Amino acid sequence: PRPDVQPLPPGTHLLFAQSGKIEHVPLEGYDVKKDQAKAVLHLPEKVVIGVAYDCVEKMVYWTDITTPAISRASVQGGEPTPIITADLESPEGIAVDHLGRTLFWTDSMRDRIEVASLDGTKRRVLFDTDLVNPRAIIADPVHGYLYWADWNRQAPKIEASYMDGTNRKVLVKDDLGLPNALTYDPQSSLLCWADAGTHKVECMNPTRSDRRTVLEGIQYPFSMVSFGKNLYYTDWKRDAVVVVDRATGKESDQFQPQKRSRLYGIATAYAQCPTGRNYCAVN
Amino acid sequence: DATAGTSSDCQPCPCPGGSTCAVVPKTREVVCTNCPTGTTGKRCELCDDGFFGDPLGQNGPARACRVCKCSENIDPNAVGNCDRETGECLKCIHNTDGFFCDRCKEGFYGNATASNLSEKCKSCSCSPFGTVNRQTSCLQVTGKCQCLPHVTNRDCSACEPGFYNLQSGRGCERCNCNAIGSTN
């Protein structure tokens, strides 16, 4: 018997992975409703690393390094279903293109970035060169871009390409340490990252080169999402989700679950899909 | 089930350390939700990522969860560094290999457990011309490559004195210099 999903109440939530479960905490406006945090899914035998959300079918997707596998489950109550189990070693970051109905992930042992349909079919390798420790991966379906970070200690970098794998380029390579966490906010067109080596949160518009520091002196970021004016990142040292106001560059809140252990991937479960049409649908 | 109306409606959580638990709807399975530090699983029987052991002694004597022990040849920023039960290291770096990342991987030699990075594992770099079957591996500690006849040096890159033609790939040949016409 498999543990089932506890249906998510309406509204927007943060989903994050911690020690054999995926938890949710509701957002009211931009505030974290800490007292309403609850497990969405118990996966007691698994080590869940990356979490992504599909706002169309209201499904949570995750990578797990124990099986290893990529699985999904409906947040309205459903069975966890593995969709990719073969040829994986250390699947970490995961991103959903809700418009193109595809899934992207990084594998830090196979040193690859791969893509497949949301049901796991039509799998294809996008990149298998110049990758050492790829982790975070983000899709911007409206503009058709993919972003990822590689924390290779010798040469950390943040890269971009079109979602079909063409037009690959390095966006950032200077003054990076361990860029574990990466997020893109379509409203402000800002790509932001949190770095466990430089201990900074930085942002830039990927089409311009206007990189700027949002916050310094952070501890150990692992994964990050943007939602409206805020950034929410998981921290390995604090065992918490930390809330940062992007405009003021100040930490505004934190949520530390009762269970003390590292927090991994984080995603936003939107009440509704962000508006926008797919790049491919337009062209 | 607190609504059944019997004295055994609520039972203590079957979890170590007084951990809280939850009943999963539908399956009615009980899952511990606040396992002691470093442990996880339905009954806190597993170790968290980055730890290994057998906290409830399911396979032999109980072993508390300990941090992965990999001869300082893993990266703390990586996930899944060791097997959560046996402790086998899964992500050795610095060109090391083995259960505890305690030896050099194939094609490298040196002291995998040295604290100084420069003394750790170096590439064998065997000379392809002077090495048996053009092997790329060498002896773990000394780094000696397996040389063809009359080939010398650690990396089989030179002929012994009195021999020539390393490039032949079959070992070095005797010079056969005439003793009368040669200087030594």
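The legends below describe close-up views of a predicted model.

**Notes on the model.** Residues are numbered from 1 along each chain as its sequence is written, and chains are lettered from A in the order in which they are written. In this predicted model, local features need pLDDT of at least 70 and side-chain atom pairs count only at pLDDT 80 or more, while totals for chains, interfaces and linings use all residues; side-chain values use heavy atoms, with hydrogens and water left out.

**View 1. Strand β22 of chain A and its two partners.** Strands are DSSP runs of E with at least two residues, numbered from the N terminus. Buried means under 20% relative accessible area, exposed means over 50%, and partly exposed lies in between (1.4 Å probe, protein chains only). On one side of β22(A) sit N230(A), Y232(A) and T234(A), and on the other L231(A), Y233(A) and D235(A); all are buried. Two strands pair if DSSP finds at least two bridges between them. Strand β21(A), residues 221–227, runs antiparallel to β22(A) and is joined to it by 6 bridges. F227(A) stands opposite N230(A) in this pair. The hairpin of β21(A) and β22(A) has 2 residues between the strands, and G228(A) takes a positive phi near 60° there. β22(A) also pairs with β23(A), residues 240–245, in the antiparallel sense over 6 bridges. In β23(A), D245(A) is the bridge partner of N230(A). The hairpin of β22(A) and β23(A) has 4 residues between the strands, with D239(A) at a positive phi near 50°.

View 2. Strand β19(A), residues 200–204, is mostly covered, with 4 of its 5 residues buried. It is joined by 5 bridges to the antiparallel strand β18(A), residues 190–195, where C192(A) stands opposite C203(A). H199(A) takes a positive phi near 60° in the hairpin of β18(A) and β19(A), which has 4 residues between the strands. β19(A) and β20(A), residues 212–216, pair in the antiparallel sense over 4 bridges. Here V201(A) stands opposite L215(A).

**View 3. The largest nonpolar core.** A nonpolar core is a set of buried Ala, Val, Leu, Ile, Met, Phe, Trp, Tyr and Cys residues joined through side-chain atoms within 4.5 Å. The largest such core has 29 residues, and those with the most contacts inside it are L15(A), I22(A), V60(A) and W62(A). Strands β1, β4, β5, β6 and β25 of chain A each supply at least two of its residues. The largest share, 4 residues, comes from β5(A). Contact means heavy atoms within 4.5 Å. Leaving aside neighbours within four places in sequence, I22(A) is in contact with residues including L15(A), A39(A), L43(A), V60(A) and W62(A). A second, separate core of 15 residues includes I138(A), V172(A), L176(A) and M204(A).

**View 4. The largest pocket.** A pocket is an open set of points on a 1 Å grid over the protein atoms alone, with protein on both sides within 12 Å along at least five of seven lines; lining residues have an atom within 4 Å of a point. Grid points are joined across faces, edges and corners, and a volume is the space filled by probe spheres set on the points. The largest pocket holds about 960 Å³ of space. Of its 46 lining residues, A139(A), Y184(A), V225(A), T268(A) and Y270(A) are the closest to its centre. Strands β5, β9, β13, β17, β21 and β25 of chain A each supply at least two residues of the lining.

**View 5. The largest cavity.** A cavity is a set of grid points where a 1.4 Å probe fits but cannot get out. The structure holds 1 cavity of 30 Å³ or more, and about 90 Å³ of space lies in the largest cavity. Of the 13 residues that line it, the closest to its centre are S19(A), K21(A), C32(B), T40(B) and G41(B).

**View 6. C175 of chain B.** C175(B) lies in the segment after β14(B), residues 173–174. At 34% relative accessibility, C175(B) counts as partly exposed. C175(B) and G162(B) are 13 residues apart in sequence and 5.5 Å apart in space, C-alpha to C-alpha. Not counting residues up to four places away in sequence, C175(B) touches G162(B), F163(B) and Y164(B).
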